[in-house]
Amino acid sequence: MTEPVDVLVVGAGPTGLTLALEAHDHGAGVRVVERRPELFRPSRALILHPRTLETLRPLGVTDALLGLADTAPSARLHLGSRVVEAGLADLALPDTAFPHLSLIRQTDVERVLAGALADRGVEVERGTELVTVREARDGAYAVLRSDGGAEEIRCSFVAGCDGPDSTVRACAGVGWHGGPYAVEAVLADVELAREPDRTSAREPDRTSTRSPGPTSVPAAASAPTGVEAFAGRQGLLLLFPLGEQAAWRLLATRTRDPGPGSRPGDPGARPVFGRPGPAVPLAELRQLLRDAGSGARIERLAWSARVPLQYRLAARFRRGRLFLLGDAAHNYSPATGQGMNAGIQDAVNLGWKLGFAVGACDGGPEGRPDGDVLLDSYDRERRAAARRRLLLTHTAFWAEASTGRVPAWLRGVVAPHGAPAVPALLERPWLVAEGVRVISQLRAGYRHSPLSVTGTPRLRGAPRPGDRLPDATVSTGGPPRRLHHLLARPGVHLLLQRDADPLPDAVAGPCVDVLRLASSPGQGLVAVRPDGHVGYTCAVVDPAALNGWLTLIGAAAPPPDRP
């Protein structure tokens, strides 16, 4: 029997690596296993949303991520014969430190997170596969297999971050509800060459002159920069300047090719949803570009793959000591770039709860939280968020990729006619910002969670328990600072208003940080969870009520007879 561990993380994608970091930084011992022997795999995700960067900030990895990302991306949307151009940087989002979309390869995200884990002394065990896991009264027992043979390990909790065909989910006996899309994705890394501009010898069209901000211009007016998107009757085609084996990453949707094994009675292997499958011939890729109306041609094909798509939601995200996160818990279409972001946000939500639940921060078993309430809150909070995301992505994917009569007509006929009006809409910063808030989950909250507690008397004019804490400029007695910068470290944060009574020493535990806001008049208190959501508020400092909430989440001070 191998030495026990608090949390066994199965899968070393962005979700598993984030969970390991979050649990480790909140006191849990972690072990990360990954069945893939190699680090590199073609990136499927290419976007980090503002809310995801906020949740990663206390782990100390955002500077490294932003150093590898394009934080001022531009996009050109081709609608018939016209192109709508827009910038996606410096959006009207004053309540976040990341008011932009960030284009970054999933591979780079994994490299940064794995490096942060290694700095903490935790190495990813690649080439190690989970064979099975079972529960017992004293923990969960997992059988692992690697080149060195098989081993059994006892752990307090097992986190399944092992993708759509999750072994942890199968061992937990959790249902997997949903179905396949009739549309599949095509991925490829290509070198592109532009065809000669057939309009270059003509008098320039005065209406095509680019101006600051979004514009609408004829398709051939300028060379492509940033992301290029083509929406037509056949579906969506995207070109990202983020290829890994060539300059451009091509992402397209098309009617799914059934292929062998896709229909009952057909020979061949069952398609693995969400993972790159068979290669796509060069001729088919060139045809996709022609059908989309792109003036580019493929000079070199580095690699390509078909990716079967599905919409799925696990029946539950927790069963006993087994938890499901990321693609093991939910599968989305590529629309709005939710997959990697949802998984990272799952991991941040669960990681601190596991860290507190194992008792690493509470000074002993007597101070441990009520595991049913604390740990069940993960399923209650994140499964509800997953259902909302599923509705968002399903609707967006229908509009941008479905080959049905209505969406094809909207893309092929209505959208080109409405293209001249799009720049006027994009010039309204609040409208674009609101769309980003929805996509990024900046408005997502947990008001109905058992961890969201409102004290008496109620604190007015502050975020409600369960809401995300917005960023703002505050003062703690010195120069003005940004609030999220002050809270960018692990643990629970208690924000006291200017005139609030001081906290008794016996209330705040070792994982609790207290900050008095001189710029916030009043006598109240706001308690912020490690994932940036408000957990408890009260218009006065009530030590007993506050201690009750801290005990609920496992962050209360240890008994006086314990160090």
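Predicted model: local features only at pLDDT ≥ 70, side-chain atom pairs only at ≥ 80, totals over all residues.
User: Before we start, what do buried, exposed and partly exposed mean here?

Analyst: Buried means under 20% relative accessible area, exposed means over 50%, and partly exposed is in between (1.4 Å probe, protein chains only). Take valine 414: its relative accessibility is 36%, so it counts as partly exposed. Residues are numbered from 1 along each chain as its sequence is written, and side-chain values use heavy atoms, with hydrogens and water left out.

User: Got it. How much of the chain is buried?

Analyst: Of the 563 residues in the chain, 52% are buried.

User: How do I read a pair of aromatic rings?

Analyst: You describe it by the distance of the centres and the angle of the planes. Rings of Phe, Tyr and Trp (its six-membered ring) pair if their centres lie within 6.5 Å; planes under 30 degrees apart are stacked, over 60 edge-to-face, and the rest tilted. By this rule there are seven aromatic pairs. In one of them, tyrosine 181 and phenylalanine 397 have ring centres 4.8 Å apart and planes at 65°, so that pair is edge-to-face.

User: Where do tyrosine 181 and phenylalanine 397 lie?

Analyst: Helices (H or I, at least four residues) and strands (E, at least two) are DSSP runs, numbered from the N terminus. Tyrosine 181 is in the loop between β11 (176–180) and β12 (183–194), while phenylalanine 397 is in helix α8 (residues 371–401), so the pair ties together parts that are 216 residues apart in sequence. Both residues, tyrosine 181 and phenylalanine 397, are buried.

User: And what about tryptophan 352 and phenylalanine 356?

Analyst: Their ring centres are 5.7 Å apart with planes at 75°, so this pair is edge-to-face. They sit four residues apart in helix α7 (residues 339–357), separated by about one helical turn. Tryptophan 352 is buried, at 0% relative accessible area, and phenylalanine 356 is buried at 0% too.

User: Which residues form an aromatic cluster?

Analyst: Phe157, Phe317, Phe323 and Tyr378 form one.
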